[in-house]
Amino acid sequence: MSGVAQNAKPATERTLFGHPIGIANLFGVELWERFSFYGMLTILGYYLYYTTTDGGLGLAKSTATGIVGAYGGLVYLSTVLGAWVADRLLGSERTVFYGGAIVMAGHIALAILPGLTGVGVGLVLVALGSGGLKANASSLLGTLYEKNDPRADGGFTLFYLGINLGAFAGPLITGLLRDHVGFHYGFGAAAIGMAIGLTQYVIFRKNLGEHGRDVPNPLPPIAITKVMAALAAILVAVAIAWATELVTLSNLPDATTVVIVAASIAYFAVMLTSEKVTAVERTRVRAYMPLFIANAVFWSLFQQIFTVLAVYSDERMNWSIVGWTAPSNWIGSMEPVWIIALSPLFAIMWTRLGKRSPSTPRKFSLGVIGMGAAFLLFTLFAGAHGKSVSFVIVFFILGAFAVSELMLSPIGLSVTTKLAPNAFRAQMMALYFFSVGIGTSMSGVLSKFYDPSHELAYFGLTGLVAILVGAIVWTIAPWISRHMEGVH
């Protein structure tokens, strides 16, 4: 620990377990934001497709799972707005706070407004607020470390531990509330969780010092009119698409995927042609492209925990625990248990290995291959009927999800901050979340093809495609590493 400290941080830096003290505040706010987000998300699909007698809205199951996937994609799409606000108007630190306040308002809307009105208002607010908070919390964490600080991967892994503590606790609470007093109480618990996160963020704000207070690329006053006109045009386009039924509830995940892909291409084009991006930074952006694609493929499988596997949990899994039946949304808490247990081990491993650890492209390829292999495990239970798959078996399969995630996701957050051009710091993190958004909306698209009678084909094909993509990334890893220009 002392050797790392001497080489990686100033002697006067306040630390927590060898990491900058500000990590504690960001750890806490992200924990409670994830508590609220996953607590809500794991009951959302059931709320949409359960019958009105059971407290739901009675939508078609495929439409409901598609909406969940599309909504998740829109959350990540909105990170572009949050990143833009941080880079051009407020800075990362203040955007995190305001984003959390909007998230809380969205959960309150879900809790108190009835029917699709509450769903529409609540999900829009949560999506916008999460867009402000998610990209900027991660970007703000990145500013606590120097460009090649070997502690960074370990720090992001610890940050990921906070995310998963929240992701573990949220579904447990909202599931029990949904089962015993109704869906709206579960949504209310999510609002309370976000309120706790905002409170601790304000109390310990000073630990962040001046990090994230600057506005990297301030918006000139003369440009405000153009921005307002562009925003109005987007709103009009969305309204027309909805009014003409070009976009409907049933094709929402498809439309969301197309929009995020188009936005991603535009973002890469802007960064590769901007005069504010140096030649070295431009090369790093090119190296990021295959990692972007691999990340999207990974999340298109992983996020099916909230679409396909949510239905699988409700219809195919046996949740009996000593005569008591646990809520089916508790599948959302299974994978975080593994992350909580394994995150410290991975943090120690990456920190001790330092520059001797596998390159980032190799980590990505192993993560995608592992995710595909985990999906193949579900084929072992294809052909059975009813609630015959033990939750214990699925728990261990989701352990494979967790190992794959730890190989890729916190490393992806870390490398994004390292490869980001200085003028596009928060917006580069938004681009990372675009890849997650593509995968998340694709989880909704793919959910339309799931049917219990075709599980062998469904889990087999999706798993094999992921393994193929991971193998390609492994093959081109040396090229990616060369173009990362000194970033390990």
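Mentor: We begin with a term: helices are DSSP runs of H or I with at least four residues, numbered from the N terminus. Please keep in mind that the model is predicted.

Trainee: In which helix does Arg178 lie?

Mentor: The helix in question spans residues 152-180. Position 178 falls inside that span, and Arg178 therefore belongs to a DSSP run. The helix is α7.

Trainee: Is Arg178 buried or exposed?

Mentor: Beyond four places in sequence, Arg178 touches Ile43, Tyr46, Tyr50, Phe183, Ser328 and Asn329. The relative accessible area of Arg178 is 10%. Buried means under 20%, so Arg178 is classed, at 10%, as buried.

Trainee: Which domains are assigned to the protein?

Mentor: The bounds come from an automatic or database domain assignment. That assignment gives residues 14-218, 222-249 and 253-487 as separate entries. In order, they are domain 1, domain 2 and domain 3.

Trainee: How many Å lie between the C-alpha centres of domain 2 and domain 3?

Mentor: Domain 2 covers 222-249 and domain 3 covers 253-487. The separation of their C-alpha centres is 31 Å.

Trainee: Which helix gives the most residues to the lining of the largest pocket?

Mentor: The largest pocket holds about 2,000 Å³ of space and is lined by 45 residues. Those nearest its centre are Leu74, Leu77, Ile234, Leu235 and Val238. Two or more lining residues come from each of α3 (61-77), α4 (79-90), α6 (115-143), α9 (224-243), α10 (252-273) and α16 (425-447). With twelve residues, the helix that gives the most is α9.

Trainee: How many residues of the lining of the largest pocket are nonpolar?

Mentor: The lining also includes four polar residues and one charged residue. The nonpolar residues number 40.

Trainee: Between which domains does the largest cavity lie?

Mentor: Five cavities of 30 Å³ or more are counted, and the largest has about 270 Å³ of space. Its lining has 26 residues, with Tyr38, Tyr160, Ile163, Trp299 and Glu405 nearest the centre. Because residues from two domains contribute to this lining, the cavity lies between domain 1 (14-218) and domain 3 (253-487).

Trainee: Which helix supplies the largest share of the lining of the largest cavity?

Mentor: At least two lining residues come from each of α2, α6, α7, α11, α13 (331-353), α15 (391-419) and α16. By class, the lining divides into 16 nonpolar, five polar and five charged residues. The largest share is five residues, and the helix that supplies them is α7.

Trainee: Is Gln303 buried or exposed?

Mentor: Gln303 is found in the loop between α11 (279-302) and α12 (308-315). Outside its sequence neighbours within four places, Gln303 is in contact with Tyr76, Thr440 and Ser443. Its relative accessibility is 4%, so Gln303 counts as buried.

Trainee: What is the relative accessibility of Ile67?

Mentor: Ile67 is found in helix α3. Beyond four places in sequence, Ile67 is in contact with Leu48, Leu59 and Leu249. Ile67 counts as buried because its relative accessibility is 7%.

Trainee: Is Glu245 buried or exposed?

Mentor: Glu245 lies in the loop between α9 and α10. Its phi is near 60 degrees, a positive value in a residue other than glycine. With a relative accessible area of 61%, Glu245 is exposed.

Trainee: What is the relative accessibility of Val322?

Mentor: Val322 is placed in the loop between β4 (320-321) and β5 (324-325). Phi of Val322 is near 50 degrees, a positive value in a residue other than glycine. Exposed means over 50%, and Val322 counts as exposed because its relative accessibility is 83%.

How values were computed: Residues are numbered from 1 along each chain as its sequence is written. This is a predicted model: local features need pLDDT of at least 70, side-chain atom pairs count only at pLDDT 80 or more; totals for chains, interfaces and linings use all residues. Side-chain values use heavy atoms; hydrogens and water are left out. On a 1 Å grid over the protein atoms alone, a cavity is a set of points where a 1.4 Å probe fits but cannot get out, and a pocket is an open set with protein on both sides within 12 Å along at least five of seven lines; lining residues have an atom within 4 Å of a point. Grid points are joined across faces, edges and corners, and a volume is the space filled by probe spheres set on the points. Ala, Val, Leu, Ile, Met, Phe, Trp, Tyr, Cys and Pro count as nonpolar, Asp, Glu, Lys and Arg as charged, and the others, Gly among them, as polar. Buried means under 20% relative accessible area, exposed over 50%, partly exposed in between (1.4 Å probe, protein chains only). Contact means heavy atoms within 4.5 Å.
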